[in-house]
Amino acid sequence: MQRSYLITRMVDFFVGLIMLVLGLRILFRLFDANPSAGFVNWIYDTSDVIIAPFRGIFPPATIEQGNVLDVSALFAVLIYAVLGYLLSSFLASVTTDSVDDKPTRKNRK
């Protein structure tokens, strides 16, 4: 397996994981999930770290009482997607696999 392909896939995996956590956060806040439920609480705690740089940029939009569209999380999804794409592209362009430059000798009879 090529090293550049593996590195690119790893970046894609972690960016995808971030997207999943942020997507679940957006859905849970939108549908007013119970924050005392274990999984919902874990998603909120985990995504708090991921969303911290973007908190406060945009105010959350309250649709109905309890139903909130987390605009900062949506913005974070966009930024992480762009950064992940740029990082994958950069790594793919600078990571080269070692190539054996020695000339091959063919056996002649």
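Student: Leaving aside its neighbours within four places in sequence, which residues is S72 in contact with?

Tutor: This is a predicted model. In the model, S72 contacts I51, F54, R55, G56, I57 and F58, once its neighbours within four places in sequence are set aside. S72 itself sits in helix α3.

Student: Is S72 buried or exposed?

Tutor: Buried means under 20% relative accessible area. S72 has a relative accessible area of 6%, so S72 is buried.

Student: What does the side chain of S72 reach?

Tutor: The side chain of S72 reaches the backbone oxygen of F58, at 3.1 Å.

Student: How do I read the packing of two helices?

Tutor: Two packed helices are described by two values, the angle between their axes and the distance between those axes. Take helix α1, residues 3-30, and helix α3, residues 71-94. Their axes come within 9 Å and cross at roughly 175 degrees.

Student: What does that angle say about the directions of α1 and α3?

Tutor: Angles over 145 degrees count as roughly antiparallel. Therefore α1 and α3 are roughly antiparallel to each other.

Student: Which residues of α1 and α3 meet?

Tutor: On the α1 side they include I7, T8, V11, V15, I18 and L22. Among those on the α3 side are A73, A76, Y80, G84, S88 and A92. By type, the residues of this contact are 16 nonpolar, three polar and two charged.

Student: T8 is on that list. Is T8 buried or exposed?

Tutor: T8, in helix α1, has a relative accessible area of 11% and is therefore buried. Apart from neighbours within four places in sequence, T8 is in contact with S88 and A92.

Student: Which residues make up the largest nonpolar core?

Tutor: A nonpolar core is a set of buried nonpolar residues joined through side-chain atoms within 4.5 Å. Here the largest one has nine residues: V21, L22, I26, I50, I51, F54, A73, A76 and Y80. Helices α1, α2 (38-51) and α3 each supply at least two residues of this core.

Student: What does I51 touch, not counting residues up to four places away in sequence?

Tutor: I51 touches L22, R25, D70, S72, A73 and A76.

Student: Which residues does the second, separate core include?

Tutor: That core has five residues, among them F28, A33, V40 and I43.

How values were computed
Residues are numbered from 1 along each chain as its sequence is written. This is a predicted model: local features need pLDDT of at least 70, side-chain atom pairs count only at pLDDT 80 or more; totals for chains, interfaces and linings use all residues. Side-chain values use heavy atoms; hydrogens and water are left out. Axes are lines fitted to C-alpha atoms, for helices over the stretch in contact, and angles run from 0 to 180 degrees between N-to-C directions. Helices (H or I, at least four residues) and strands (E, at least two) are DSSP runs, numbered from the N terminus. Angles under 35 degrees count as roughly parallel, over 145 as roughly antiparallel, 65 to 115 as roughly perpendicular and the rest as oblique. Contact means heavy atoms within 4.5 Å. Ala, Val, Leu, Ile, Met, Phe, Trp, Tyr, Cys and Pro count as nonpolar, Asp, Glu, Lys and Arg as charged, and the others, Gly among them, as polar. Buried means under 20% relative accessible area, exposed over 50%, partly exposed in between (1.4 Å probe, protein chains only). A polar contact is a pair of N or O atoms within 3.5 Å; within protein, one must be able to donate a hydrogen and the other to accept it, and residues adjacent in sequence count only if both atoms are side-chain atoms.
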